[in-house]
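Please look over the structure shown below before reading on.

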Amino acid sequence: AVVLRQSSGSSGINAEYLYSSSVMVCRCQIVGDPGVGKRSLAHQFVLGQCPANLQSNTFESFSKLHDGTQIDLLVDLPIDLNNTVLTEEYFKNVDALLFCFSIEDLSSFERCQAHWFPLLRPYIYDIPTFLVGCKSDLLPQTFLLSGLTSPTGVQSPSSKTASEDPTLYVTRELGENLSRQLACTSYHEVTTESSISLDRLFSAVVSAASKPNPSEQSCVCTVQ
């Protein structure tokens, strides 16, 4: 069974056991800039399809049974991060956190390091974190085969687009380097064109989230 739950506002999330009280629940939060593919990732993983018109910056929650664990996906934050007390309480119930960017948008990659990670760092010191490059199917084959990388690593955004300048794509090398720099659990490249890449990501999430307290029945992962 797959259950889609949608919610909005800043009152937080009410935990639900949608399958069985004996099933471990992993709450996974997803964050990242608008338009990087967070919502498409969640829809494709849970529902097996990605609607054409998805609203950005609207909180949604999804649930799916994967690897024997109920994964609650939380897309975008339902809280005001300026409220430190509420934010601390919220992340106490989160088991894993995905920092998402678009592989074809270098600025969204840079903001994972410059904005999202520093913003949430005080609340996630003991939560497994994952750096996720979305839209990997948009990397041109010629670029993949050439092994091109940005000569200076993460460079300042320019007026050119990735299709005009191959060095504006985020390579796997850059993604893995930033993942190590931020001490993330691991780096993953995913696409809504392949369920395999999504299954691998969330199998890693379940595995990492269950290690610290394997006897607990709750696991949370947040997506934004």
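Is cysteine 184 buried or exposed? With a relative accessibility of 12%, cysteine 184 counts as buried, where buried means under 20% relative accessible area, exposed over 50%, and partly exposed in between, for a 1.4 Å probe and protein chains only. This is a predicted model, in which local features need pLDDT of at least 70 and side-chain atom pairs count only at pLDDT 80 or more, while totals for chains, interfaces and linings use all residues. Residues are numbered from 1 along each chain as its sequence is written, and side-chain values use heavy atoms, with hydrogens and water left out.

The cysteines can be taken further. A disulfide is defined as a pair of cysteine sulfur atoms within 2.5 Å, and a search of the whole structure finds zero of them. Cysteine 100 is in no disulfide, its nearest cysteine sulfur being that of cysteine 134 at 4.2 Å; cysteine 100 is also buried, at a relative accessible area of 0%. For cysteine 184, the closest cysteine sulfur belongs to cysteine 112 and is 8.7 Å away, which is too far for a bond.

The aromatic residues come next. Rings of Phe, Tyr and Trp (its six-membered ring) pair if their centres lie within 6.5 Å, and planes under 30 degrees apart count as stacked, over 60 as edge-to-face and the rest as tilted. The structure holds six aromatic pairs. One of them joins tyrosine 90 to phenylalanine 91 in an edge-to-face arrangement, with 5.3 Å centre to centre and 85 degrees between the planes. Phenylalanine 91 also pairs with tyrosine 123, here stacked, at 6.1 Å centre to centre and with 10 degrees between the planes. Because phenylalanine 91 lies in helix α2 (residues 84–91) and tyrosine 123 in the loop between α3 (106–120) and β6 (129–134), this pair ties together parts that are 32 residues apart in sequence; helices (H or I, at least four residues) and strands (E, at least two) are DSSP runs, numbered from the N terminus. Tyr90, Phe91 and Tyr123 form one aromatic cluster, in which tyrosine 90 is buried at 7% relative accessible area and both phenylalanine 91 and tyrosine 123 are buried.

How do two of the helices meet, and at what angle do the axes of α1 and α6 cross? The axes of α1 (residues 38–47) and α6 (residues 195–210) come within 10 Å and cross at roughly 90 degrees, the axes being lines fitted to C-alpha atoms over the stretch in contact and the angles running from 0 to 180 degrees between N-to-C directions. The two helices are therefore roughly perpendicular (65 to 115 degrees, with under 35 roughly parallel, over 145 roughly antiparallel and the rest oblique). Leu41, Gln44 and Phe45 in α1 meet Leu198, Asp199, Leu201 and Phe202 in α6, contact meaning heavy atoms within 4.5 Å.

Two backbone angles deserve a look. Most residues other than glycine have a negative phi. Aspartate 67, in the loop between β3 (60–66) and β4 (69–75), has a positive phi near 55 degrees. Alanine 183 has a positive phi near 60 degrees, lies in the loop between α5 (172–181) and β7 (186–189), and is exposed at 64% relative accessible area.

Glycine 133, finally, is placed in strand β6 and is buried at 0% relative accessible area. Glycine 133 and histidine 188 are 55 residues apart in sequence, yet 6.2 Å apart in space, C-alpha to C-alpha.
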